[in-house]
Amino acid sequence: LDAAGNVWEWTLSKWADTYQHPEDNDIQGESSRVLRGGAWHRGQDDVRCASRCYGFPRDGLDGEGFRVAGWSLF
């Protein structure tokens, strides 16, 4: 819910030109990572959960962010 349109959301998955299953989610290294969901400054074709692009975590770019997710035991 609400995963599309505000900012590209960082994922743990390392970038590959084509989607691979299982994804490489190793936290080691400085590889580019998958971003999903599109951002406010992109066209409507990119503003969907299935949209993916890549970026380097060390780069701070406008329109990229992350989702803080948690759960409750209650």
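**View 1. Pairing of strands β1 and β2.** Strand β1 (residues 8-14) and strand β2 (residues 33-36) run antiparallel and are joined by three bridges. Two strands are taken to pair if DSSP finds at least two bridges between them. Within this pairing, Trp10 is placed opposite Leu35 of β2. Strands are DSSP runs (E, at least two residues) and helices are runs of H or I of at least four residues, numbered from the N terminus. The model is predicted: local features need pLDDT of at least 70 and side-chain atom pairs count only at pLDDT 80 or more, whereas totals for chains, interfaces and linings use all residues. Residues are numbered from 1 along each chain as its sequence is written, and side-chain values use heavy atoms, with hydrogens and water left out.

View 2. Four strands build an open sheet of mixed pairing, in the order β3-β2-β1-β4. Its edge strands, β3 (52-55) and β4 (64-65), each pair on one side only. The protein has zero helices and four strands, and its elements follow one another from the N terminus as β-β-β-β.

**View 3. The aromatic pair Trp15-Tyr54.** One aromatic pair is present in the structure. Trp15 and Tyr54 form this tilted pair, at 4.9 Å centre to centre and with 40 degrees between the planes. The pair connects distant parts of the chain, 39 residues apart: Trp15 belongs to the loop between β1 and β2, and Tyr54 to strand β3. Rings of Phe, Tyr and Trp (its six-membered ring) pair if their centres lie within 6.5 Å; planes under 30 degrees apart count as stacked, over 60 as edge-to-face and the rest as tilted. Trp15 is partly exposed because its relative accessibility is 23%, and Tyr54 is partly exposed with a relative accessible area of 45%. Buried denotes under 20% relative accessible area, exposed over 50%, and partly exposed the range in between (1.4 Å probe, protein chains only).

**View 4. The surroundings of Lys14.** Lys14 lies in strand β1 and counts as buried because its relative accessibility is 17%. The Lys14 side chain reaches the backbone oxygen of Gln28 at 3.4 Å. Apart from neighbours within four places in sequence, Lys14 is in contact (heavy atoms within 4.5 Å) with Asp24, Asp26, Gln28, Ser31, Ser32, Arg33 and Val34. For the protein as a whole, 24% of the 74 residues count as buried.

Conventions
Polar contact = N/O pair within 3.5 Å; in protein donor to acceptor, adjacent residues only side chain to side chain.
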